[in-house]
Amino acid sequence: MASSGVRNGGPRMSAKLDRQGAGATPKAAAGKQRLSSAAGAYRRTSSGPLPAAGGRASSDGVSSRVRVAVRLRPRNAEELAADADFGDCVELQPELKRLKLRKNNWESETYEFDEVLTEFSSQKRVYEVVAKPVVESVMEGYNGTVMAYGQTGTGKTFTLGRLGEEDTAARGIMVRAMEDILADITPETDSVSVSYLQLYMEMIQDLLDPVNDNIAIVEDPRTGDVSLPGATVVEVRDQKSFVDLLRVGEAHRVAANTKLNTESSRSHAILMVNVRRSVKGRSEMDVSISGENGHSSSMIGSLRPPIIRKSKLVVVDLAGSERIDKSGSEGHTLEEAKSINLSLSALGKCINALAENSPHVPVRDSKLTRLLKDSFGGTARTSLVVTIGPSPRHRGETTSTIMFGQRAMKVENMVKLKEEFDYKSLCRRLDIELDKLIAENERQRKYFDDEVERIRAEAQCRIAEAERECKITLENEKMKYHQEYLDSIKVLEEKWKTQQQSPKRQIKEAESTSSDVGEAHNLLQNEKILRQSAEDEASDLKNQITHWKKLEATATAEVVKLRKMLDTEASQKEKLEEEIGVLRSQLLQMSMEADETRRSLDKGDGPGKIFPGLDSLASQTRSSQPREQSNGPKQPIAKLSEQVGLQKILSLLESEEPDVRVHAVKVVANLAAEEANQEKIVEAGGLTSLLVLLRSSEDETIRRVAAGAIANLAMNETNQDLIMAQGGVTLLSMTASDAEDPQTLRMVAGAIANLCGNDKLQTRLRGEGGIKALLGMVRCGHPDVLAQVARGIANFAKCESRAATQGNKVGKSLLIDDGALPWIVKNANNEAAPIRRHIELALCHLAQHEVNSKDIISEGALWELVRISRDCSREDIRMLAYRTLTSSPTLQAEMRRLGIKM
Ligand code: ADP
Ligand code: MG
């Protein structure tokens, strides 16, 4: 094999590294953080592929080779002196992670390690490259082993066990590892405990309790895990107590070795650090879910046991690797010597077997290999530091150590997460949960019972209240009825008392109220006397009353008699007065009639002005009066009016005596003939009385005279309004249709004719049948009547013409509408001058309004107008007719058509 060649596992190791991928330490990558970063990469991959229950359920693991570093001790004083002329037997190439072992001056072998630590490497660096990745791995739940192998005096204990109390920088791996572990755990949930043991001559001695010097190894038949149940386990809470433990352990080790007459270099020191951590987040998450989702899910959540990770860091300071003289140079027998080295040689064999992938690994050959079963070929992450000295004098041992390291580098472990469900903790938690639920249930039961009790009490309270109220009401009702009963009894008693009021009763009462019967008797006697006198007095008064009553009756009869006499007297007086009145009025009437007759002889009928009443009266009386007495009638009537009073006269109109009525109406008619009296008559209600007579009276004379009086009153415009307002037109129309007597009709016609002359009453007059009534009266044929009719028509036509001229009337004449035109045409040439004159005027007025022209033509009135314009004896009428004809275009046109020339 060439000196420059690289011996041992290089290519193989590279292949393995390749297989491990990112999780492995690339051999070519240099730098002091190599192992550390490799561990980091490892951590990343381990958390991924491993299932949650990782190491517990699965046999899956991640391949992880045993890491091996070589550490060179500096020359000690002896070596410096003894080997001053010799070079070191090793040459380190830390940057290449190579170690050259000089066989001699011309030949050397080169070995590659995971880390090459020179004599100048600090303790800190050694910890970081050798132990720190393992410690970190342990904190994540994997088992870990840090072991030092080498010849006695090369610095194994220096590397692992230095407490560094005098110099902090000198602290060894144990102290630094615990520092990191304690810094990383959560004291509330995690725990760290240690056991410290020594293995010597296949006996395990408890360094924390040296009396315990043969601790048995117990193997779990199911998992194959080994444990030392007999060893002292001390829980570590802080660094100081741990260092104290180490010191105690070291002291015990020294003492034991002294006692056993051995050297510490011949025993193996084993520190076991058990780390127990609960997996954060997972069990807590379950709890939080249960908290949110209520009871049932709480139970489900609670049924999930918390997960804990139990891992173990084993730090082994092996006995010196140098061969012991078989002769037992140290005073041991051969058997003893064999036993001393058994464990170490067994370890070497196991490692050889593992390195060569031998099917059999003699783990069971020694206690050390049994204890380190998991560290080599197991599930732990293992880091080995091999310590060597520089002296060429120990080249053999050094070579042997290097070769051990080289073989160990070939050992593959399958690291597994030591994770398991914490059923105990789950059980505890469920117990707590159950207790909580029981307590809660109890509380709820209590609350429920209380609530039921409360509701029941409340209900009872209410029932009691209702009962009380009911009782009170009942009591009140009872009292009320009782009172009523008592009252009625009282009333009955009163009644009975009044009925039974008698001395006996009083005696009884007196007897009942007083126990003194004698006194009651006296009282009764007195009472009797008093009563007798009272009765006497009463009968006296009664007699007097009877007497007075008799007197009163006589007086009343007398009064009645006198009253009757008085009434008779009064009625007689009234009758007499009435008779006197009648006689007087008759007398006056006679004289007035005489006057009227006379006067009418002197008077002519002026157009539009008649005195029908007087005319009538005159016509009825044949007495003739001297002309000079014509001014006379006023005097007797006025006299009468003054003497009797207008009111009295008017009241006589309603007299039951027909004669009185006749006379009275005549008097009123005469008075009405005088303009001066008209107002007084109307004011005194005479007009109304006259209208009533006209309506109600069946006496022809009365109706005639009343109509005459109305006709006279109708000369006044104010009275015309009143007549209209009081339905006079209708009454007059009725009279006109009923009456046969020409004089009556003349009066009625005269009255209507007067109303026809009122511009304001035109429409109403016609509406109430005035025109029709007027025209109806021509049936009588009496010239006086016809004259009044003609006057009325003329008056009406004149008003219409005036209204048309003023623009107040637009339509055809109402006279034409009511059929007056044929009669007008027929009588236009009447031989009686008053009739003819009125009709001629009426025709002229009608023709003046153009709308009437058509009717005038069709009814033949045009010829009459032409005649009037030519022949009328009255010039004014003639001229009027002429003007009318010439100013009407329609009539003109008709005349031209007919060839009439003016
Ligand atoms: P071992 O435990 O392997 O028998 P020790 O740890 O007892 O060896 O070391 C033997 C001696 O060498 C001790 O005095 C120790 O202080 C010293 N020593 C060991 N390694 C170193 C080192 N790297 N630097 C300085 N001195 C060391
Ligand atoms: Mg030692």
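## Close-up views of the predicted model

Figure 1. C780 is partly exposed, as its relative accessible area is 27%. Here, buried denotes a relative accessible area under 20%, exposed denotes over 50%, and partly exposed lies in between (1.4 Å probe, protein chains only). The structure is a predicted model, in which local features need pLDDT of at least 70 and side-chain atom pairs count only at pLDDT 80 or more, whereas totals for chains, interfaces and linings use all residues. Residues are numbered from 1 along each chain as its sequence is written, chains are lettered from A and ligands numbered from 1 in the order in which they are written, and side-chain values use heavy atoms, with hydrogens and water left out. C470 is likewise partly exposed, with a relative accessible area of 47%. A search of the whole structure for disulfides (pairs of cysteine sulfur atoms within 2.5 Å) returns 0.

**Figure 2. The surroundings of ligand 1.** The shell consists of R71, R73, P74, Q151, T152, G153, T154, G155, K156, T157 and F158, a residue being included if one of its heavy atoms lies within 4 Å of the ligand. Helix α6 (residues 156-161) contributes the most to this shell, with 3 residues. Helices (H or I, at least four residues) and strands (E, at least two) are DSSP runs, numbered from the N terminus. By class, the shell holds 2 nonpolar, 6 polar and 3 charged residues; Ala, Val, Leu, Ile, Met, Phe, Trp, Tyr, Cys and Pro count as nonpolar, Asp, Glu, Lys and Arg as charged, and the others, Gly among them, as polar.

**Figure 3. Atom pairs between the protein and ligand 1.** A polar side-chain atom of T157 is placed 2.9 Å from an oxygen atom of ligand 1, and a polar side-chain atom of K156 is 3.0 Å from an oxygen atom of the ligand. At T154 a backbone N or O atom lies 3.3 Å from an oxygen atom of ligand 1. Ligand 1 taken alone exposes 550 Å², of which the protein buries 64%; these areas come from the Shrake-Rupley method with a 1.4 Å probe.

Figure 4. The expected span is 1.5 Å times one less than the number of residues. Because 17 of its 23 residues are buried, α28 is largely enclosed by the rest of the structure. Helix α19 (residues 658-673) has 16 residues and reaches 22 Å from first to last C-alpha, close to the expected 22 Å. Of the 16 residues of α19, 13 are buried, so this helix is also largely enclosed by the rest of the structure.

Figure 5. M403, in helix α12 (residues 395-408), is buried at a relative accessible area of 18%. F242 belongs to helix α8 (residues 239-259) and is buried, with a relative accessible area of 1%. Between F242 and E179, 63 residues apart in sequence, the C-alpha to C-alpha distance is 9.4 Å. N413 lies in strand β17 (residues 412-415) and is buried at 1% relative accessibility. The side chain of N413 reaches the backbone oxygen of S375 at 2.7 Å.

Definitions and conventions:
A polar contact is a pair of N or O atoms within 3.5 Å; within protein, one must be able to donate a hydrogen and the other to accept it, and residues adjacent in sequence count only if both atoms are side-chain atoms.
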